[in-house]
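I opened my notebook to work through this structure step by step. The entries follow in the order I looked things up.

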Amino acid sequence: TDAAQGASGGGPARHYWVQVEGYEASEGSYSLSLEGVACSNPAPPPAPPAPPAPPPMPPSPPPPPSSELVITITADRYPDETAWTLERESPVESGGGTSFAVVQAGVPSLDAATTTWSVPVYRGDAYRWNITDTYGDGLSEGPGSYTLELDGALLVSGVDFSGSEESHAFLVAGGSPSAPPPAPPAPPAPPGTVLKIRLVPDLYPDESAWTLEQWLPSDPPGPSLTSNASAAAGGSAAGSDGAFQVVAQGWPMEGDASRTWGVAVWYGFSYRFNITDDFGDGICCTAGHGSYALSIEGAEIVRGGDFAERATHVFEAARPVPTPPPSPPPPPPP
C-alpha cells in the first residue's frame with residue numbers, strides 16, 4: 001500500500017506484508033531485510049482518544065421544609081356520611097393562575113368515636129380543607145366536631161356545619177411558596193380553650209335547643225363587647241360595629257338523662273348562649289327539674305333552668321382565676 005510520504009521525505013513509500021505458511025517456530029527461523037536493514041511490522045496506529053465523560057447531573061433541589069397538620073374528627077351517629085379532603089394550591093401550566101388539587105383524603109373510623117390523621121404540609125404553600133356530609137345535615141346527629149392543628153397550634157375548629165360541605169383555606173407560614181396565595185394569611189388565632197355545656201332536660205327534651213354565638217367585630221373593628229345586656233337582646237350592641245354569629249348548636253336526645261358538649265372558644269372574645277323551649281315553660285320546674293350549666297376549665301360561669309320561652313347569657317371567655325391555697329392554721333397557743 002502507498003503511504004503519504006516516504007521516510008526520507010522524497011516520494012511515496014510502500015508497505016509490504018509477507019505471509020509465511022507451514023512454519024513452526026521450533027523447526028527454524030526466518031528474517032527479512034532491505035538493503036541490510038532488518039524489517040519489522042509497522043506499529044498500529046494509536047487508538048482514538050476516548051470521548052470525554054459527560055458532566056455530572058446537578059443535584060436535585062432539597063424538598064421544602066414541612067409542617068405537621070393534625071386532623072381530628074369526632075363523628076356523629078352516622079360516621080359513614082362524613083368524609084374530608086385536603087387540597088393544595090398549585091400554578092396552572094396553561095393560561096396562568098392557580099388551582100387546587102386534592103393531596104389527601106380520609107373518612108372517619110366506624111369503630112371509634114374519634115379519628116385522627118397526621119398529614120405533612122409544605123411551608124409557604126396555601127391549602128384548602130373540606131368536610132362533607134352526604135345526608136346534608138353536617139354533624140348535627142349527635143355531638144360531632146372537628147379540629148385542625150398545625151405544629152401543635154389550633155388552626156380550625158367546628159362543632160357543626162349546615163348543608164353538605166364546609167371549607168377552610170389557610171396558608172402554612174414560613175418558606176417560599178410554590179404558588180402565590182390567593183389572599184394574605186389571616187392573623188394567628190388567639191389562645192383558646194373548651195367551653196363545656198351540660199344540659200339536663202325536663203320530661204320533654206324534644207322541646208329544648210341551644211345556640212352559642214360569637215361576637216365578631218366589623219372591619220375596621222368597633223369597640224370591644226364583654227357583657228353588654230343590650231347586645232344580648234337585639235343581636236348587636238348600641239354604638240358597636242359588629243354582630244353575633246352562631247358557632248355551635250345542639251339539643252338533647254330522647255331518653256337523655258343529661259348531655260355534655262365541648263365547644264372551642266377563644267380567650268378575650270365575647271359569646272352569647274341562648275336556650276329555648278318550644279312549649280314556653282322552660283326546663284324547670286313545671287314538667288321536671290331540668291337545668292343547664294356552662295363551665296371553662298372546671299369553673300362554672302353560667303347556670304339556669306327556670307325560664308319561659310328563652311334564656312340568654314352574654315359572657316367573655318376568660319381564664320379562671322386560680323383559687324389561692326388555704327391559709328395554714330394558727331400555731332397552737334403556748
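Entry 1: I looked up Tyr127 and found 3% relative accessibility, so Tyr127 counts as buried (under 20% relative accessible area, with exposed over 50% and partly exposed in between, for a 1.4 Å probe and protein chains only). This is a predicted model, where local features need pLDDT of at least 70 and side-chain atom pairs count only at pLDDT 80 or more, while totals for chains, interfaces and linings use all residues. Residues are numbered from 1 along each chain as its sequence is written, and side-chain values use heavy atoms, with hydrogens and water left out.

Next I listed ring pairs. Rings of Phe, Tyr and Trp (its six-membered ring) pair if their centres lie within 6.5 Å; planes under 30 degrees apart are stacked, over 60 edge-to-face, the rest tilted. By this rule I have nine aromatic pairs. How are the rings of Tyr127 and Phe170 arranged? Their centres are 5.9 Å apart and their planes at 20°, so I noted the pair as stacked. Tyr127 belongs to strand β7 (residues 126-133) and Phe170 to strand β10 (residues 165-171), so the pair ties together parts 43 residues apart in sequence. Strands here are DSSP runs (E, at least two residues), numbered from the N terminus. Phe170 has 9% relative accessibility, so Phe170 counts as buried.

**Entry 2: A second ring pair.** I turned to Tyr292 and Phe307. Their ring centres are 6.3 Å apart and their planes at 70°, so this pair is edge-to-face. Tyr292 lies in strand β16 and Phe307 in the loop between β17 (299-304) and β18, so parts 15 residues apart in sequence are tied together. Tyr292, at 4% relative accessibility, counts as buried. Phe307 counts as buried too, at 11%. I also found both in one aromatic cluster with Trp210, Trp261 and Phe273.

**Entry 3: The cores.** I define a nonpolar core as a set of buried Ala, Val, Leu, Ile, Met, Phe, Trp, Tyr and Cys residues joined through side-chain atoms within 4.5 Å. Which members of the largest core touch the most others? They are Trp210, Leu212, Phe273, Ile275 and Tyr292, out of 23 residues. Strands β11 (192-200), β12 (208-217), β14 (259-266), β15 (270-277), β16 (291-296) and β18 (310-316) each supply at least two residues of this core. β14 gives the largest share, four residues. A second, separate core has 19 residues, including Leu86, Val121, Val156 and Phe161.

I then checked Trp210 for contacts (heavy atoms within 4.5 Å). Leaving out residues up to four places away in sequence, Trp210 touches, among others, Ile197, Ala248, Trp261 and Phe273.

**Entry 4: A sheet.** I traced an open sheet of four strands in the order β6-β3-β8-β9, with antiparallel pairing. Two strands pair if DSSP finds at least two bridges between them. Which strands sit at the edges? They are β6 (114-122) and β9 (153-158), each pairing on one side only. The twist averages 20° from one strand to the next. Five bridges join β8 (residues 145-150) to β9. Leu148 has Val156 in β9 as its bridge partner.

**Entry 5: A loop residue.** Is Thr286 buried or exposed? Thr286 has 65% relative accessibility, so Thr286 counts as exposed. I placed Thr286 in the loop between β15 and β16. Thr286 and Asp202 are 84 residues apart in sequence but 8.7 Å apart in space, C-alpha to C-alpha.

Terms used. Axes fitted to C-alpha atoms, helices over the stretch in contact; angles between N-to-C directions.
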